[in-house]
Amino acid sequence: MRVTETTPRHPRGTLYRYLLVEMAMPTAFALLGLTVVILTKDLLGYTELVINRGLGAGVVGMMAFYQSVPLLGTTLPFATMVGALVGLGRLGADHELLVLEACGISARSLVLPVSVFALGLTVLGLVVSLFFGPWASRSLDASLERVSLENPAAEIRAGTVNRFGDWKLEAQEANARGDRLARVLLWMPDVGETVFAERASLAGEPGGGVRITLENATVILDPRTSPRQLTFETMTTLLPETDLPLQRDRLDRLAGLRIGELAAVARQEGHDDAYIAQQAAIALQRRFALPFATLVFGFLVMPLFMSRAQFSRSGGGVVGLVATIAYYGLVQLGDGLIQRDLVGVALGAWLPNLAMAGIGVGLFARLASKTAFGRDSDRPQTRVPRRVRRAEARGELRTRRFALARYIASRFVQVAALCFGVLLVAYLLVDLLDRLQWLFRYGATAGEIVRFYLARIPLLASGVVPMALLVATALTVSLVA
């Protein structure tokens, strides 16, 4: 029987497709994980809407989906770097890169498929940032407005003034569902007086609207024209339809504006809108800067990968997280420089991309003449102490009890401490980024910011511990394997 051997016409094409598949799955997992981490606090709030406020799980699920779509565009650059480093780390750990270089294919040639992968995700990020993100943000605002109109009790919060037409309702206490209130003030413009009540209850009407029942209520009147006060046990009335629907902060609503609308807001010159105009200009620049950060991170992947002495999936994930934290730090630096009027909006918004691209160029220049296995690529050789070698020669070496358990425990503690530190810094930077505009707006000093976060760090740490333990467990198992 005659056997005919066939050689693929384009072996590099097969290799590149294989590499793209290896990077795609970790990128998808990183994208999902980073999005869930950022949405954790909001997801807890959505759970409260389902359990306590009586909203349907489908409605709340759609609201969570609308909020996650813009975040996908934000987390895509970091997920790209983490996924590419994890995929390349797997190839290095399994010595597949060693085989490629033995076959004459340099690891530097993998820059092309990594760049193509990053370019494709950059286009996807642009589509999300320019089209799907604003659409999802507007849909979220519409959902919040619809919820407030269909279930007005869902927006009742203790200590805040709630408007129902010209009527104003405030309660010092409110139960989880928002339909039982205590220490209530109700301003009724029809009679020009405020009703003070010990308790109140809200109930929906079949035809729409909300009926309020006040208990043990008092109305303080002008004694010159009427009795001093009126006291009654119960009073029931129908509240007008709310004219101020449940909605997000004005800065958050900038994410729903189209490019032209965002540019129009950025051109506003009124003194009252100067801060909003500046934030709109920053948001306009970031609509393009964040997607192109994906391409910058893709350019940075290979030099970061080739500069490592050891290869592993977990190592690639850690490097990606460190780069993500560094990028967020540069974002905060750019925002601070813009707030202080030290640089323009465009330069401040693009500063993280320029800095990361500069780091990539420097690493490429340093590693241009090296291969991925230009250093010791085997497993690290641990030096055996002389006393152990002598004991082995004499046959006196004994196996210690629980050595494996202590070894696993020590590795787990090290990895858990690393995960805790990385996640705490990430949470701290995200929280600082969210509050940076508020801190600068009200002129907080550096000392006040430090004292504020010294008091806030324990709260952030309590939320990081469960996730750090979960990630540490998975990484420890991966390292041992």
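In which sense, left-handed or right-handed, does helix H6 cross H7? In this predicted model, H6 passes H7 in a left-handed crossing, and the axes of H6, which spans residues 259-266, and H7 come within 7 Å of one another, at an angle of roughly 145°. On the H6 side the contact is formed by Ile259, Leu262, Ala263, Val265 and Ala266, whereas H7 contributes Ile276, Ala277, Ala280, Ala281, Ala283, Leu284, Arg287 and Phe288. Sorted by class, this contact of H6 with H7 comprises twelve nonpolar residues, one charged residue and no polar ones.

The largest nonpolar core of the model contains 44 residues, and Leu88, Leu110 and Tyr327 are those with the most contacts inside it. At least two residues of this core come from each of helices H1 (11-51), H2 (57-93), H3 (96-102), H4 (111-150), H7 (274-306), H8 (313-339), H9 (345-367) and H11 (403-441). Apart from this core lies another, of 19 residues, which includes Leu169, Ala171, Ala197 and Leu202. When residues up to four places away in sequence are not counted, Leu110 touches Leu15, Tyr16, Leu19, Leu88, Leu97 and Met302.

Methods. Residues numbered from 1 in each chain as written. Predicted model: local features only at pLDDT ≥ 70, side-chain atom pairs only at ≥ 80, totals over all residues. Heavy atoms only, no water. Core = buried A, V, L, I, M, F, W, Y, C linked by side-chain atoms within 4.5 Å. Buried < 20%, exposed > 50% of the residue type's maximum accessible area, 1.4 Å probe, protein only. Helix = DSSP H or I, 4+ residues; strand = E, 2+ residues; numbered from the N terminus. Contact = heavy atoms within 4.5 Å. Axes fitted to C-alpha atoms, helices over the stretch in contact; angles between N-to-C directions. Left-handed = near helix turned anticlockwise from the far one by under 90°. Nonpolar A, V, L, I, M, F, W, Y, C, P; charged D, E, K, R; others polar.
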